[in-house]
Amino acid sequence: MAEPASGQKLSLMALTAMVVGSMVGAGIFSLPRTFGGATGPFGAIIAWCIAGAGMYTLARVFQSLAQRKPDLDAGVYAYARAGFGRYLGFLSAFGYWISSCIGNVSYWVLIKSTLGAFFPVFGDGNTVVAIAVASVGIWAFHFMILRGVQQAAFINTVVTIAKVVPILVFIVILAFAFEADQFRANFYGGEDMPAQGLFEQVRLTMMVTVFVFIGIEGASVYSRYAAKRSDVGVATLLGFGGVLLLLVLVTLLPYAVLPRVEIAGMRQPSMAAVLEAVVGPWGAVFVSAGLLISVLGAYLAWSLICAEVLFTAAKTDDMPRVFARENANKVPVAALWLTNIVVQLLVISTYWSTDAFALMLGLTSSMSLIPYLLVAAYAVKLTRSGEGYTAGEPAIRRDLLLAALATFYTVFLVFAGGLRYVLLSALLYAPGTLLYFWASREQRIRPFTGAELVIFIVAVIGFVAAVAGLVTGRLTI
């Protein structure tokens, strides 16, 4: 893709909006019920301390890599390829892309579930009517994006500002309604708290904390559009700090107005149900309207990112060359078509899911962990070698510590997510390698080194185990 003209470059505000717009989507509106069903405020505070610290180290890793390796664009994929070769670079690109596609499906499910509270025909977001309406939305966005990335980025900035307002109103209203006695009663879970240890309570919230932070790399992915390269790291940290504060407040404040068990039983989006319980029916309408704006804005941002990752992988010959094609507006047209075809198929598949939103949330988080792990591991490798640093530079020890902590955090999340999502991830990674074979054949090169072949065999074993689990019923969707 040709570099845009100087007038088309993205400012610090636009890059920060990309980060916030990518993160503030469906997840934040589901937090009260998700946390309420797992733990009380005490466990929630611990979970956010872990998630905040872990994601902070990852944000710092993206900031450092943006400074040390300014030649690498589309961050997540490019870092994995530079550090660990073609196949792991491909898996990072594919995993990031497919997790983004799944995340986009969760947006449509939540939109229709929200409408289902007012129009029963939409149900929980996976009825025939809901799928049909979502399909219209998918292709409406598709043709809008084909008109140009810069136009879409401007729309994203406007939408980001608009969607934060309902969240702030929710926080202010619940802050005024705060009841210390209710919060105290809920602190360790309150009445009817499931009999499980604190570690298990925290573990059950880990996937949603990953889901709501996905997008922290939004500025890095669009680094080649930045007016100043240094803005990429600043935008990442600004977006992270602001969103973390919103997430913590949206999680904790409901415990001060309602019993935990009541919050746990609410339908999604539970943020709307909480506000309705506090101020009446208008609260549900207000938050639901904000959710629709928020989710549609996030969907726009992620559609852009999906196409960008496929495009960049194709430019470096790790995806088939067809995905490097652009239209007259410099939009990666083939990449966008494949993205939305996959999203369409996944939306149709939700018809057979018992809890489509929860499945898409968990699977999106799980698929994104491999790309994040490879970025963190690359940062460890870079700091250990000293590449990009001057001899004896004090920052190298700090960056090594942050990269090591980010690596440990992502490995912990893989185990916290559980075997189910590891197997479901293999169900996508193994067949996705067909695109890698296609690209390798175009280049007339051997697809694997010895170590890469071992990784592919492990992925195939996981795929077979996942299929067996689905057939026998031991693994469900």
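In this predicted model, Glu 200 has a relative accessible area of 27% and is therefore partly exposed, and its side chain meets that of Arg 203 in a salt bridge with an N to O distance of 3.0 Å. Arg 203 likewise counts as partly exposed, its relative accessibility being 24%. Both residues belong to helix H9, which spans residues 198-213, and they are three residues apart, or about one turn of the helix.

This pair is one of three salt bridges that a search of the whole structure finds. Another links Arg 184 with Asp 181, where the closest N and O atoms are 2.7 Å apart. These two residues are three positions apart in helix H8 (residues 180-186), so that about one helical turn separates them. Arg 184 is exposed, with a relative accessible area of 54%, and Asp 181 is also exposed, at 58%. A further salt bridge is formed by Arg 398 and Asp 399, with 3.0 Å between the closest N and O atoms. Here the two partners fall into separate classes of accessibility: Arg 398 is partly exposed at 42%, whereas Asp 399, with a relative accessible area of 7%, lies under the 20% limit and is therefore buried.

When neighbours within four places in sequence are left aside, the residues in contact with Thr 39 are Ala 44, Met 193, Gln 201, Thr 205, Tyr 255 and Arg 260.

Turning to the chain as a whole, the protein contains 19 helices and zero strands. Of its 477 residues, 58% are buried, and among contacts with a separation of 6 or more, 83% are accounted for by residues 24 or more positions apart.

For Trp 108, if residues up to four places away in sequence are not counted, the residues touched are Ala 134, Gly 137, Ile 138, Phe 141, Leu 296, Tyr 299, Val 343 and Val 347.

On the surface, a nonpolar patch with about 860 Å² of accessible area is formed together by Val 128, Phe 143, Trp 337, Ile 341, Leu 345, Ile 348, Tyr 351 and Trp 352. Two or more residues of the patch are given by each of helix H6 (128-145) and helix H15 (333-349), and the largest share, four residues, comes from H15. Ile 341, a member of the patch, is found in helix H15 and counts as partly exposed because its relative accessibility is 39%.

Note on methods
Residues are numbered from 1 along each chain as its sequence is written. This is a predicted model: local features need pLDDT of at least 70, side-chain atom pairs count only at pLDDT 80 or more; totals for chains, interfaces and linings use all residues. Side-chain values use heavy atoms; hydrogens and water are left out. Patches are made of residues with over 30% relative accessible area and no salt bridge: like charges are joined within 9 Å, nonpolar side chains (Val, Leu, Ile, Met, Phe, Trp, Tyr) within 5 Å. Accessible areas come from the Shrake-Rupley method with a 1.4 Å probe; for residues, only the protein chains shown count as cover. A salt bridge is a side-chain nitrogen of Lys or Arg within 4 Å of a carboxyl oxygen of Asp or Glu. Buried means under 20% relative accessible area, exposed over 50%, partly exposed in between (1.4 Å probe, protein chains only). Contact means heavy atoms within 4.5 Å.
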